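Here are my notes on this one, as numbered points. Have the sequence and the model open beside you while you read.

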Amino acid sequence: MENQLLIYNTLSRKKEVFKSIIPGHVGMYVCGPTVYGHAHLGHSRPAITFDLVYRYLMHLGYKVRYVRNITDVGHLVADADEGEDKIGQKARVEKLEPMEVVQTYTNSYRRNMKQLNVLPPSIEPTATGHIIEQIELAKKLLEKGYAYESKGSVYFDVEKYSNNFEYGKLSGRKIEDLQANTRTLERQDEKRSSLDFAIWKKAQPEHIMRWPSPWGEGFPGWHTECIAMSTKYLGEQFDIHGGGMDLMFPHHEAEVAQSCATLGHDSVNYWMHNNMITINGQKMGKSLGNFIILDDFFEGNHPLLERAYSPMAIRFFILQAHYRSTVDFSNEALQAAEKGFERLMKAVALLDEIHASETTTLDVDALEAECYAAMNDDFNSPVVIANLFDGVRMINSLNDGKARIDEPGLAKLKKVFNDFVFDILGLRNDEKEASGSDEVLVKVVDLLLNTRMEAKAAKNWALSDKIRDELAKLGFEVKDKKDGFEWVLKK
RNA sequence: GGUACCUUGGCCGAGUGGCUAGGCAGCGGUCUGCAAAACCGCGUACGGCGGUUCGAAUCCGCCAGGUACCUCCA
C-alpha cells in the first residue's frame, strides 16, 4: 500500500508509520471513565476519538482487541481529608452501596456511548475486578526494589527509578524540574519524595471500599489498574495506548514507569492523546463545574443550551475537529455542525435514487483516494468530512442532472459513502422515518399536497401557499419538484 | 513559579514555505407563480513587531493574549 497509516506518537512527538507487533492484529488500550457521575460532553471526546481509531483499524483489515477500562475504585479526592476515594464518598452522600453507584453510572455511560454510536470495546475490565493483579504488581515492584512500604501503603520510588530509567520521557518533563518544583502538600510524611505515587493505599477506618492485602486492608493506588489490566489482556508489549491529554502526566507517565520497572522495557509502542473540549475557551471538567452531561445535551436541559442536540450532531461536531486540537463548544458551532450533518445525510439518502449513465463527468477514484489519505494522516477526520462534502456536491449535481456517472463510478461512490460515513466515521442516520411511520399521516399529507397541486394548476396561489405555510407551521418541510412534491416532517 | 501547547475570514475548523480546505451564516445569480431545496459565483483570513528567504499564515526571535499539565478530571 502506497499510503501508510501514520500515527502521532506522544512518545516521539512525531507522526510515525504504524506497524503492529503481530501482523494483522492490533492491541489497543484506552483509559475509560471513572464512574462516579454521569458522562459529560468531555467524556465523549476520547470515546469517539478511539472509536474512530478502532473502526478504521478494523476497516483496514486488522483484528483489533480493544480494551477500555471502567475505573470504579481509587483516585483520591483532590482535597481529601482522609484519603478516601471518590466512589466511597459519593456512596455515603447518597447512602448507597459503592457498587450500586458504580453500576448506576456504568449503565449510564454505556447507554450514552450507544447513543453516540460508539462501539463497545472488546473487553471492558473494571478496577475492582482486578485487585489481585494490582496486588501482584505491587509485590513485583517491591521485589524489584522500585517501591517501598510505608505505614500500610506502598509507594513507587521515582528517584530510585530515575537512576536507571528516564522518568518524564512521555510527558516531556525532567525530573530535576519536577523536584525543583515540589510543592509541599499535606500528609506527605509517608512518602520519601513528593514525586512518589501510591501503588497501594491503606484504607482509613471510615473507608468503605477496601480489600485485604499483604500490607493490611486498603485499596489500589492511582495508576496501577491500567498497567495491571493492559498487561493481563494485551501482553507485556502492545500496540496502542490512548487517553486524554490531561492523563499524560502523571497517570500515563506512571504507567510507563511501572512497565519499565517491572519488565525492563516499555509496554506501549504508540501513545495517543486526544485533546480537550473547551467551553468558553476553558477545559470542560468535573472539578471546574463547567460541564454539561450528555443526557442534558440530548434533552436540551441546561441553561447554556439553546435547545436539544442529537447524539449524531455531537458526534459529527467532534469529528469535524482533529482529535489533537481542542474543540470549542458553543450553541452556534453545534447548530452549524447539525446543519452540515443533515446536508450530508440528505445526500446519502439521494444516492439510492441516482441512475448511472454511459459516461461519467466525476472522478470518484480521486475522492476515495483523498479520503484514505486523510485517514492515513493520523486519523484526520475533518479532512475526510471536507472530502465527503465534495461528494455531496457530486450527488446533488447528479440528482439535478448537471453531472453524469457511469455504473462502476456510481458503485464506487456508494461504497465510499458507506465505508467512510457509516463504517469509519461511525455516523448513523437518525432521521425519523416520519413519512413511513404512520400510514394514515402519510396519506393525509399527500392528500393535502395533491390538493395543493391542483390549486397550483389553477393558479390559485393563495390556497396553495396557505396549504404549504400551514403545513410548515406544523413542522412539515415541503419541496416542490418538477412534476410533484416531496415532504419531510422535522422534529 | 516550572513545562508544553495554542492564536486562521462573522462563527466553527483544516492546512504548515509558493498551488481552492470544508461546514454554518451572509451576498449575487440559475431554477420557481413566490418559496424551499439544489447548483454556480463572491468575500481575498492567518495575534503584533522584527528577521531568514526569490517567496511565510507556514521557519527563527521578541512581544501580547490564551490554554493545559505540575492536584481528581477525558
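1. First, a term: helices (H or I, at least four residues) and strands (E, at least two) are DSSP runs, numbered from the N terminus. With that in hand, Arg13 sits in the loop between strand 1 (6–9) and strand 2 (14–17). Its phi is positive, near 60 degrees, in a residue other than glycine. For accessibility, buried means under 20% relative accessible area, exposed over 50%, and partly exposed in between (1.4 Å probe, protein chains only). Arg13 has 40% relative accessibility, so Arg13 counts as partly exposed.

2. Some ground rules. This is a predicted model, where local features need pLDDT of at least 70 and side-chain atom pairs count only at pLDDT 80 or more, while totals for chains, interfaces and linings use all residues. Residues are numbered from 1 along each chain as its sequence is written, chains are lettered from A and ligands numbered from 1 in the order in which they are written, and side-chain values use heavy atoms, with hydrogens and water left out.

3. The overall picture. Chain A has 17 helices and 15 strands, and buried residues make up 50% of its 491 residues. Its C-alpha atoms fill a box of roughly 95 × 55 × 35 Å along the principal axes. Contact here means heavy atoms within 4.5 Å. Among contacts between residues at least 6 apart in sequence, 75% join residues at least 24 apart.

4. Domains next; the bounds come from an automatic or database domain assignment. Chain A is divided into domain 1 (6–274), domain 2 (278–424) and domain 3 (434–489). The centres of domain 1 and domain 2, taken over C-alpha atoms, are separated by 33 Å. Across that pair, 33 residues of domain 1 are in contact with 36 residues of domain 2.

5. Now the cores. A nonpolar core is a set of buried Ala, Val, Leu, Ile, Met, Phe, Trp, Tyr and Cys residues joined through side-chain atoms within 4.5 Å. The largest one has 80 residues, and those touching the most other members are Ile240, Phe297, Leu344, Phe379, Leu413, Phe417 and Leu427. Helix 1 gives the largest share of this core, 9 residues. Domain 1 (6–274) and domain 2 (278–424) both contribute residues, so this core lies between them. There is also a second, separate core of 50 residues, with Val35, Leu141, Phe197 and Val268 among its members.

6. Helix 13 deserves a look. An α-helix has 3.6 residues a turn, so residues three or four places apart point the same way. After helix 13 comes Gly401, with a positive phi near 75 degrees.

7. Which parts of the chain surround RNA strand B? A residue is near a molecule or strand if one of its heavy atoms lies within 4 Å of it. By that test 61 residues surround RNA strand B, the closest being His43, Lys86, Trp222, Lys283 and Met284. Helix 13 supplies the largest share of this surface, 7 residues.

8. A polar side-chain atom of Asn396 lies 3.0 Å from a phosphate oxygen of RNA strand B. A polar backbone atom of Gly244 is 2.9 Å from a sugar or linking oxygen of RNA strand B. For scale, a polar contact is a pair of N or O atoms within 3.5 Å; within protein, one must be able to donate a hydrogen and the other to accept it, and residues adjacent in sequence count only if both atoms are side-chain atoms.

9. Finally, some backbone details. The peptide bond from Phe249 to Pro250 is cis, with omega near 0 degrees, and Pro250 has its place in helix 8 (residues 248–263). Lys459 has a positive phi of about 55 degrees although it is not a glycine.
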